[in-house]
Amino acid sequence: MSPGTLQLPPGAWPTVLDCLCERFPAIPRVQWIERMARGRVVDGDGNPVTPSRSYRVGLDIHYYREVAEEPVIPFEEVILHLDDDLLVADKPHFLPVVPAGRHARETLLARLVRRTGNPALVPLHRIDRETAGVVMFSTRPESRARYQALFRERRIEKRYQAIAPALPHLVFPCIRTSRIVAGEPFFRVQEVQGVANSETRIDVIARGGNRWRYALTPVTGRKHQLRVHMAALGAPIAGDTLYPSVRHRAVGDHAAPLQLLAERLAFMDPLLGIERCFTSGFALDA
């Protein structure tokens, strides 16, 4: 997860830097100082922490992880919209939204913080690293809860496109509901018997040979929901390396991306009272 958070515990450290060095002995002091110089360590209000910042018990410290020899992801994000409260970005395939695993600097969040100089950026939702498309960020804490409520209360329309095998035996539009729980290995999920906790509306945009283009509208937001639902229908999304079975991709292999695109976000802006709609400029394979 990113940023990492430490609530400063009781102690006699003279500075925040001294505490971080003792709490994380594997990270050299000079590396913490270098991170601070680049704005990679901030307090709970988003203010940069300097090496001389006095220690205060209970202070929240957010720090962005660093990964040595991190592989570069050779695709660029696009900022679709930026105002005092929102940043909307168009994310390419293979770029994670937040740091995880080997990815720290090469993430959408880290790139946008560097581009805007705003360490208070927080993603309001997530899409998979393999998925391209629209992602919305809060730019300041004061209005964040109003926009987070859009997702929590399902007052935002999310539309995806996917390319997957044809399903001529189904009548469209159709709705897929199921119970999704954690699976094996830990990074997958699975459908099980029980009360449904996920719902996706599926329609066909274009029929063509063995592969069709689908419109997917998630009503709920479970991890990997669209990928699992399409695979369960017998039409795993083209390029999927997790469903129905795991296929490992080598580091730096950017061929045959997952054919899933977060195409559009639409909602009534809770601050302005106007309809807003943001659409991705990326496209899936024909």
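What is the volume of the largest cavity? In this predicted model, local features need pLDDT of at least 70, side-chain atom pairs count only at pLDDT 80 or more, and totals for chains, interfaces and linings use all residues. Residues are numbered from 1 along each chain as its sequence is written, and side-chain values use heavy atoms, with hydrogens and water left out.

**View 1. The largest cavity has a volume of about 40 Å³.** A cavity is a set of points on a 1 Å grid over the protein atoms alone where a 1.4 Å probe fits but cannot get out, and lining residues have an atom within 4 Å of a point. Points are joined across faces, edges and corners, and the volume is the space filled by probe spheres set on them. The lining includes His-125, Tyr-160 and Leu-265.

**View 2. The side chains of Glu-263 and Arg-159 meet in a salt bridge (2.7 Å, N to O).** Glu-263 belongs to strand β13 and Arg-159 to strand β8, so the pair ties together parts 104 residues apart in sequence. Strands are DSSP runs (E, at least two residues), as are helices (H or I, at least four), numbered from the N terminus. A salt bridge places a side-chain nitrogen of Lys or Arg within 4 Å of a carboxyl oxygen of Asp or Glu. Glu-263 is buried, at 16% relative accessible area, whereas Arg-159 is partly exposed, at 23%. Buried means under 20%, exposed over 50% and partly exposed in between (1.4 Å probe, protein chains only).

**View 3. Asp-85 and Arg-140 form a salt bridge through their side chains (2.8 Å, N to O).** Asp-85 is buried, at 11% relative accessibility; Arg-140 is partly exposed, at 32%.

Terms used:
1 Å grid on protein atoms, 1.4 Å probe; cavity = no way out; pocket = protein on both sides within 12 Å on 5 of 7 lines; lining within 4 Å.
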